[in-house]
Amino acid sequence: MLDNLNWWEIGALLLLALLIFGDRLPAVINDGMRMVRNLRNMARNATGDLSRELGTDIQLEDLHPKAFIRKHLLSEEDEAAIRKPLQGVYDNLRADVTGVHNDLKDVANAADLRSSGPRSGTATGTPSAPAPRVSYDDAT
């Protein structure tokens, strides 16, 4: 939850909380923890009631509509039939992206070799001429 905060920001928030709540800070923290525990218990009770009513085992993660439909209403054959057309598209897209990634690696390696090779113009003291730029209009 607080992954994007560094230690200085957390310390500043704690100092701000101490300044705002003062001596009541432990009571406020206890009230917050009690509220979180009550919410967890309410969620557990709701999933238990829903499991009893439906006659299946339901976890809290299953309450998301997509997960609920996929797990309890669709059979494995129905799910495979839904995924089959999209799997081919995904495989083609993945192959294309992999090809582009490999081409970019080759270009980067080729550019790296050219830049790290010996430079004839700098060894003699005369500047070498820049490579001519190729524009899009020239390529088409």
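Me: Why is Val-28 called partly exposed?

Reply: Val-28 has 31% relative accessibility, and since buried means under 20% relative accessible area and exposed means over 50%, with partly exposed in between (1.4 Å probe, protein chains only), Val-28 counts as partly exposed. This residue has its place in helix H2, and its C-alpha atom is separated by 9.9 Å from that of Ala-17, eleven residues apart from Val-28 along the chain.

Me: What should I keep in mind about the origin of these values?

Reply: This is a predicted model, in which local features need pLDDT of at least 70 and side-chain atom pairs count only at pLDDT 80 or more, whereas totals for chains, interfaces and linings use all residues. Residues are numbered from 1 along each chain as its sequence is written, and side-chain values use heavy atoms, with hydrogens and water left out.

Me: How do you know which parts of the chain are helices, and how many helices and strands are there?

Reply: Helices (H or I, at least four residues) and strands (E, at least two) are DSSP runs, numbered from the N terminus, and by that rule the chain has six helices and zero strands.

Me: What makes Leu-13, Leu-16, Ile-20, Phe-21 and Val-28 a nonpolar patch?

Reply: Patches are made of residues with over 30% relative accessible area and no salt bridge, where like charges are joined within 9 Å and nonpolar side chains (Val, Leu, Ile, Met, Phe, Trp, Tyr) within 5 Å. These five residues form such a patch on the surface, with about 420 Å² of accessible area together, an area that comes from the Shrake-Rupley method with a 1.4 Å probe, only the protein chains shown counting as cover for residues. The largest share of the patch, four residues, comes from helix H1 (residues 7–21).

Me: How do you know that Arg-34 and Asp-31 form a salt bridge?

Reply: A salt bridge is a side-chain nitrogen of Lys or Arg within 4 Å of a carboxyl oxygen of Asp or Glu, and the closest N and O atoms of Arg-34 and Asp-31 are 2.9 Å apart. Both residues lie in helix H2, three residues apart, about one turn of the helix. Arg-34 is partly exposed, with a relative accessible area of 44%, and Asp-31 is likewise partly exposed, with 43%.

Me: Which other residue does Asp-49 pair with in a salt bridge?

Reply: Asp-49 forms a salt bridge with Arg-52, their closest N and O atoms being 2.9 Å apart. Because they are three residues apart in helix H2, Asp-49 and Arg-52 are separated by about one helical turn. Arg-52 is exposed, since its relative accessible area is 62%.
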